[in-house]
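Have a go at each one before you read its solution.

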Amino acid sequence: MKKQKLGKSDIFVSAMTAGCWAFGGGEYWGEQSQKDVDSVVNASLDLGVNTFDTAEMYNNGESERSLGKALKGRRDEAVVISKIGPSNCHKVREHCIASLERLGMDYLDVYMLHWPINKLAVEHFTSDATIIDAPPTVEEAYAQLDALKKEGLIRSIGMSNFGRKQMEEVVSTGVQVDVNEMSYNIVSRAIEAEIAPYCMDNSISIIGSMGLQQGLLAGIYQTVEDVPPHQAHSRHFSQERGKGTSRHYEAGAEKELFEVVDALRKIADDLHVHIAQLAIAWILKKPFMTSTLVGSRNLNELKMNVKACELELSDETEQLIDRLSQPVLDILGNNPDYYEHSSKSRIY
């Protein structure tokens, strides 16, 4: 498993990051047995996947608890990432300690601010008007993160879902930030325009989230009608498809989306690989990608995903997929917030 240095830190992360959102079970992803989590986490380490991504909000902290149980006895082999919500950044240390207690650990390898600090983002994390009206500042949040690093509670500082201007604000604080975690896959390419070039110019690694677009690029769904509402509330889909979970009020790109999926199936068949492996390999071929975050619910999924990290696509195949997915990019544009109206973004 290929590993790359994370930003300017001394941390090396695997090409595949294990997504832990489903760990602990919950409404969004459904039940997840601890037995399967234990198997996936231990097998991940055995197969060279050393990086695990969780957050305080995932399943109300149960994801962190589940990951901590699974890593018991093997903590030193892992790079553990967790994230704090923007509404909690008046009390960063308090929330970091709470995450560590749930994980059963005494330090985090990477601690990220989950979303940028702005009114729209904060409203998704709290209904407390005092916080919404007077959120913490970027300077306040990153000064506290820097203090945690100096204290030894975290090894590296990150951000998640930060746009070009928002990254500039963080960099201007003088705090060393090593990574930005952003949605990136064949049908979610918004970061290519400004975010990826800025990260490369400033030694900020990118860990891509939603590598398989919540199952779409794993070939799970044959038609758009098969996609559950929870997985259909992004701008890729029509507002109506989300059945009460969508809030973007746009028409989506459903026809173009499934044309891409159908074409990917054919390419994958020609290469004798699974469509999910093709999607992962395409991400890792991009020079600005350090790692791609992929969730594996069981050992079979894990082994297939890990094998994708060994697959080397030709330039011709990469360029073909770029062309095939261009219509989706043209519709969705360069706004990487796929859940709000394109004119009303938390990311800028």
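This is a predicted model: local features need pLDDT of at least 70, side-chain atom pairs count only at pLDDT 80 or more; totals for chains, interfaces and linings use all residues.

Residues are numbered from 1 along each chain as its sequence is written, and side-chain values use heavy atoms, leaving out hydrogens and water.

**Exercise 1: the cysteines**

Work out how many disulfides the structure holds.

Solution. Start with the rule: a disulfide is a pair of cysteine sulfur atoms within 2.5 Å. Next, take cysteine 20: its closest cysteine sulfur belongs to cysteine 309 and sits 15 Å away, so that is too far for a bond. Then try cysteine 89, where the nearest cysteine sulfur, in cysteine 96, is 11 Å away. The count for the structure is zero disulfides.

**Exercise 2: buried or exposed?**

Decide whether cysteine 20 is buried or exposed.

Solution. Buried means under 20% relative accessible area, exposed over 50%, and partly exposed in between (1.4 Å probe, protein chains only). Cysteine 20 has 1% relative accessibility, so it's buried. Cysteine 89 is buried too, with a relative accessible area of 1%. Now zoom out: buried residues make up 59% of the 348 residues in the protein chain.

**Exercise 3: contacts along the chain**

Find what share of the contacts between residues at least 6 apart in sequence join residues at least 24 apart.

Solution. First, contact means heavy atoms within 4.5 Å. Keep the pairs at least 6 apart in the protein chain, and 72% of those contacts join residues at least 24 apart.
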